[in-house]
Amino acid sequence: MGESSGQAVTAASAGGWRRATGVAGLAIGVLATGAAAGVALERMTVGRGMRRKARLVLDAAGPYGALRGTPGRAYADDGTELYYEVDEVEAEGQDGRKRRLFGRRAPAPVTVVFSHGYCLNQDSWHFQRAALRGVVRTVHWDQRSHGRSARGAAQVERGEPVSIEQLGRDLKAVIDAAAPEGPLVLVGHSMGGMTVMALADRFPELIRERCVGAALVGTSSGGLGEVNFGLPVAGVNAVRRVLPGVLKALGQRAELVEKGRRATADLFAGVIKRYSFASRDVDPAVARFAERMIESTPIDVVAEYYPAFDGHDKAEALAHFAGLPMLVLAGVGDLVTPSEHSEAIAGLLPGAELVLVPDAGHLVMLEHPEQVTDRLADLLVRAGAVPAGATVGGYGSSAHPG
């Protein structure tokens, strides 16, 4: 932790909360500059009550994240309860849709395991989940301290920092509980992709014996400390210098900070949109869906995870996927894990399909679900998870089927 970070923490612990929040405001202000102008214009033209009503309308019109499967719970090596859901393949002959997809052929007994990113939850794969329902067995899980999973026991009880290595072990616990047998296709977005790499690093025999393919979406194998988040050099240096300490200070006053987040929801909605999407015409209901997921992550969890990314380096672990069908996909406009990181991953995986989606940001699977689902379906065919002639469901009108 740098000198300025340490000062921020000291100020908070010594009762200088006002100073710490001032530093926080400065750091977050640097990140928010691009979004603030648009928010200010909106406030001049749209009243607070109208904005609140608009959010409610969007929540009702786009019930994304409403898909549910058979629930289950796994337990990490530190005792943390991890929540997952399984969508099973429909039994042969149960309905006409299955027969149209596969005729008399059953799909290969493959389980596709989806791992989500930082400050998200399993619902971030909503469109892909809707499209694959009944086509292939899938497992969706919430990383520790996210979604419906419990707070990390090691973090709460012993104050241990979160590590990407721990997340890899968590994924192994979920696989052991939800898919103890049969071939696997591993899919990870952002932090979820790092989790997949950590799994391979710690359990190479699992990859060798059971993994038949993997998709790494909007992620990185290392070097995240060099990402500039689309900021000028001076701005990004200031953020890196103070943010770790500021987040720790904010995490210690979580209740107060959560009230502040609600009071400045308009500003943070702009920040979230800037760092999640690149399209100007992203569906407002989808943008609101992403906003809700990110807002639901407590500030102390945000603070808990942030330091783990600087030390992430799993480039060597990618060798365990050599020779497997691989998909490496990223948005060209991703400011969080820039597409150059995906190009670097693909460079270490000869034969991997590299897909760079134009006009797409970090949440590419929500922003351009049709392209992500299309390439994921192709990967599943190459991995033998579904027959070559199979088709998957739609990603639009079927996004929230009953």
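Guide: Helices H7 and H8 are roughly perpendicular to each other, a term for angles of 65 to 115 degrees. The model is predicted, so local features need pLDDT of at least 70 and side-chain atom pairs count only at pLDDT 80 or more, while totals for chains, interfaces and linings use all residues. Residues are numbered from 1 along each chain as its sequence is written, and side-chain values use heavy atoms, with hydrogens and water left out.

The axes of H7 (residues 164-178) and H8 (residues 191-202) come within 7 Å and cross at roughly 80 degrees. Such axes are lines fitted to C-alpha atoms, for helices over the stretch in contact, with angles from 0 to 180 degrees between N-to-C directions; helices are DSSP runs (H or I) of at least four residues, strands (E) of at least two, numbered from the N terminus. Contact means heavy atoms within 4.5 Å. On the H7 side, the contact includes Ile164, Leu167, Leu171 and Lys172; on the H8 side, Met191, Met194 and Leu199 are among the residues involved. By class, the contact of H7 with H8 has nine nonpolar, two polar and four charged residues.

Gln166 also lies in H7. At 7% relative accessibility, Gln166 counts as buried (under 20% relative accessible area; exposed is over 50%, partly exposed in between, with a 1.4 Å probe and protein chains only). Gln166 touches Ala76, Asp77 and Arg144, leaving aside residues up to four places away in sequence.

Lys172 of H7, named above in the contact, lies over the face of Phe203, at 5.1 Å from the ring centre. A charge sits over a ring if NZ of Lys or CZ of Arg is within 6 Å of the ring centre and within 35 degrees of the ring normal.

Rings also pair with one another. The count comes to five aromatic pairs, for which ring centres of Phe, Tyr or Trp (its six-membered ring) must lie within 6.5 Å; planes under 30 degrees apart are stacked, over 60 edge-to-face and the rest tilted. Tyr64 and Phe289 form a tilted pair, 5.8 Å centre to centre with 50 degrees between the planes. This pair links distant parts of the chain, 225 residues apart: Tyr64 in the loop between H3 (48-61) and S1 (70-75), and Phe289 in H13 (residues 284-295). Both Tyr64 and Phe289 are buried. Ring pairs join Tyr64, Phe127 and Phe289 into a cluster.

Methods
Parallel < 35°, antiparallel > 145°, perpendicular 65-115°, else oblique. Nonpolar A, V, L, I, M, F, W, Y, C, P; charged D, E, K, R; others polar.
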